[in-house]
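Colleague: Could you take me through this model, beginning with how helices cross and then moving on to the sheets and the contact between chains?

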Amino acid sequence: MTQLLKLQDVGLERGVRQLFTGVQLEVAAGELWQLVGSNGSGKTSLLRAVAGLARLGVQGSITCCPSMLFQGHLPGLKSALTCRENLLWHASGGVAIPLSGIDHALAEVGLVGYEDTVLGQLSAGQQRRVGLARLWLSKASLWLLDEPFTAIDVDGSAMLEQQLLRHCQNGGAVVFTSHQPTAVAGLRVLDLNQYAA
Amino acid sequence: MQPDLLKFLGFQAQRHLRGALRRPGDIVNPLVFFLMVVTLFPLGLGPDPDVLADLAPGIVWVVALLSSLLVSGRLFQSDFEDGTLEQLALAPHPLALSVLAEIASHWLLSGVVLALVSPVFALMLNMPGQAIPVLMASLLLGTLCLSLFGAIGAALTVGLRRGGVLLSLLIIPLTVPVLIFGTSAVREAVLGYDPGSWLALLGALSLVGLVVAPIAAAAGLRISLEA
Amino acid sequence: MWAFIHKFGSPPWFFRFASTAVRWLLPVVIGALVFGAVWGLLYAPPDFRQGNSYRIIFIHVPSAVVALAGYYVMASAGLVSLVWKIKMADTAMRAVAPVGAALTFVALVTGAIWGKPTWGAWWVWDARITSMLILFFLYLGVIALFEAYDNKAAAAKACAVLSLVGTVNIPIIYKSVDWWYSLHQPASIKFTGETAIDASMLYPLLVMIAAFYGLFALLVLVNMRTELLATYRQSAWLRSELG
């Protein structure tokens with residue numbers, strides 16, 4: 001099994017408060033992990049630390065494979081651009097993606113007919129769906145998703161779960177945070193409350 | 001530069017330009033601000049054309065500096081608020097390169113446009129005709145410097161709630177040389193001397209800015225993401 | 001060497017070092033200040049053109065010199081903090097800023113007071129005093145930026161970037177202000193500052209400059225010590241240190 005992420009003795013200090021300490025985690029290809037923990041337990045901070053966005057106050061060692069996709073609370077989409085343009089010129093990219101692939105991804109998240117609509121005119125849930133459409137375009141092996149189920153309806157959640165599972169079956173791995181208990185086969189759970197300092 | 005990186009630069013710039021062009025108000029409003037503030041000076045100083053002509057280089061340049069500060073402070077705001085910045089920071093290419101693309105497209109839509117319409121303001125303030133091409137050239141180079149320095153301040157304050165005034169405090173002292181070189185060039189031209197050396201200094205300053213600003217702004221953005 | 005740097009970066013070690021250093025520096029600095037001031041103000045001969053009013057240089061010049069050097073000290077601490085991520089460098093940077101700003105302010109006020117008998121006005125837009133004013137702005141920017149951040153670790157990094165950019169810019173600012181001044185003033189009015197200074201005035205001035213460097217170091221150490229007391233007030237090592 002290829003190892004995609006390894007946390008050794010990871011702790012996090014915010015200001016003078018120690019949020020958690022001694023987190024051990026190994027994520028191998030094919031694994032689906034959910035990070036749980038009460039509000040303020042540091043789920044988002046841990047995910048951002050893993051992605052390499054925020055390393056201030058982080059102790060321990062984090063080894064993360066470079067082929068990684070991070071989706072935070074904010075989708076990273078421009079409200080002045082259309083759905084197509086947003087995916088075509090997504091900030092994390094740099095290489096042109098074929099339009100057919102983009103339209104296919106938009107169809108998967110249920111946005112047929114909205115390809116040329118400016119993002120600002122969509123509802124909050126639809127905008128989240130545009131952000132999630134990246135998952136159908138991504139070639140990264142490790143996905144780090146912060147609260148991917150927020151503002152997504154029942155159909156959307158089912159579709160997203162399917163996609164996460166498919167990614168794991170194809171040799172990828174997913175780490176996501178969520179408050180809701182998620183009933184997916186083979187789900188592993190890391191509870192940050194157990195590591196609270 | 002590797003062709004790959006150049007392509008990425010163009011790719012990012014295209015995205016910024018396309019988004020900005022959808023909001024023409026953001027391009028026009030600073031120009032209206034410029035026009036309004038220029039109007040305030042004759043109202044405050046009196047309409048005497050000779051007095052105005054004497055003060056015109058300084059007035060136009062100070063107002064250009066202020067309006068440039070006003071817009072460059074918002075340079076990374078929307079990127080920070082919608083999460084684009086996180087994605088740029090994680091992109092496979094250096095963040096400094098994305099910053100450079102952003103500054104360049106910002107300058108095209110603010111500084112270059114300002115330089116192009118500046119003759120109107122110069123004529124309103126009774127500036128002699130021979131100085132107007134020099135004014136345009138100095139504004140073209142000077143606004144590039146202002147955008148570059150402004151980007152550093154914008155990057156350091158983007159995550160702060162009270163960023164607006166703070167940005168001016170950080171950036172105004174750094175822009176002193178730009179103002180001096182710019183006004184001196186125009187003044188020399190008004191007096192009929194050769195402004196070449198001042199324009200060359202502005203060009204040199206832009207080059208320093210092109211090297212320093214993307215790196216410093218990228219570092220600032222990473223710090224803003226941490227906070 | 002590395003062990004030494006490492007030791008310097010540890011808060012408990014630095015706290016002890018600062019406490020000892022402050023105890024030794026305090027009498028030395030006060031002594032040097034009194035000695036230099038008495039020599040300069042009472043025993044140095046009056047200037048042939050300015051009479052006794054020139055004596056303010058014994059305050060003005062040292063504070064201006066140390067204020068400028070202080071900015072570079074702050075930027076160096078910022079560089080250390082960014083590159084080697086040493087916590088004490090953050091503390092040092094934060095401690096230098098208010099001291100540097102205060103010295104710049106002293107230089108500005110003494111410059112203004114000196115200006116009254118020399119030029120007949122409290123404020124003259126002379127090249128050097130204008131540069132000093134901009135240096136003051138640069139310090140204020142760093143302090144304001146530090147205060148604006150809630151996360152103090154990030155604040156220190158942001159200030160480090162800003163002060164490094166300022167360091168690149170300071171020579172350009174000084175030079176441009178010089179040119180600006182010479183462009184607008186005919187050379188004959190320019191106040192001659194570069195004329196040779198007589199040894200009888202130079203030595204007390206050098207003593208005062210040295211004393212001001214000492215004062216700067218003393219104030220920075222006191223500031224850093226206070227900062228450590230505030231940050232680690234809950235820590236066991238600090239409690240045992242204070243007994």
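Modeller: Before the helices, one definition is needed: a crossing counts as right-handed if the near helix is turned clockwise from the far one by less than a right angle, and as left-handed if it is turned anticlockwise. Please keep in mind throughout that this is a predicted model.

Colleague: With that in hand, in which sense does H4(C) pass H7(C)?

Modeller: Helix H4 of chain C, residues 87-119, packs against helix H7 of chain C, residues 199-231, with the axes 8 Å apart. The contact draws on residues including Ala92(C), Val99(C) and Leu103(C) of H4(C), and Phe216(C), Val220(C) and Leu228(C) of H7(C). As for the sense in which H4(C) passes H7(C), the crossing is right-handed.

Colleague: Turning to chain B, at roughly what angle do the axes of H7(B) and H8(B) cross?

Modeller: The crossing of H7(B) and H8(B) is right-handed, and among the residues that make the contact are Leu114(B) and Ala115(B) of H7(B), together with Leu139(B) and Leu140(B) of H8(B). The axes come within 8 Å of each other, and the angle at which they cross is roughly 145°.

Colleague: Which element gives the most to the side of chain B that touches chain C?

Modeller: The contact takes 23 residues from chain B and 26 residues from chain C. On the side of chain B, the elements giving two or more residues are helices H8, H9, H10 and H11. With seven residues, the element that gives the most is H11(B).

Colleague: In chain A, what is the bridge partner of Leu12(A) in S2(A)?

Modeller: Three strands of chain A form an open sheet in the order S2-S1-S4, with antiparallel pairing, and S2(A) and S4(A) are its edge strands. S1(A) and S2(A) are joined over eight bridges, and their hairpin has two residues between the strands, with Gly15(A) taking a positive phi near 65°. Lys6(A) has Glu26(A) as its bridge partner in S2(A), whereas the partner of Leu12(A) there is Phe20(A).

Colleague: Which strands stand at the edges of the five-stranded sheet of chain A?

Modeller: This open sheet has parallel pairing and runs in the order S5-S6-S7-S3-S8. Each edge strand has a single partner strand, so one side of each is left without a neighbour in the sheet, and these strands are S5(A) and S8(A).

Colleague: Which helix packs on that sheet?

Modeller: Within the sheet, four bridges join S5(A) to S6(A) in the parallel sense, and Gln71(A) has Leu145(A) as its bridge partner in S6(A). The helix that packs here touches S3, S5, S6 and S7 of chain A, its direction makes about 150° with that of S6(A), and its name is H1(A).

Terms used
Residues numbered from 1 in each chain as written. Chains lettered and ligands numbered in written order. Predicted model: local features only at pLDDT ≥ 70, side-chain atom pairs only at ≥ 80, totals over all residues. Pairing = 2+ DSSP bridges. Axes fitted to C-alpha atoms, helices over the stretch in contact; angles between N-to-C directions. Contact = placed C-beta atoms within 7 Å.
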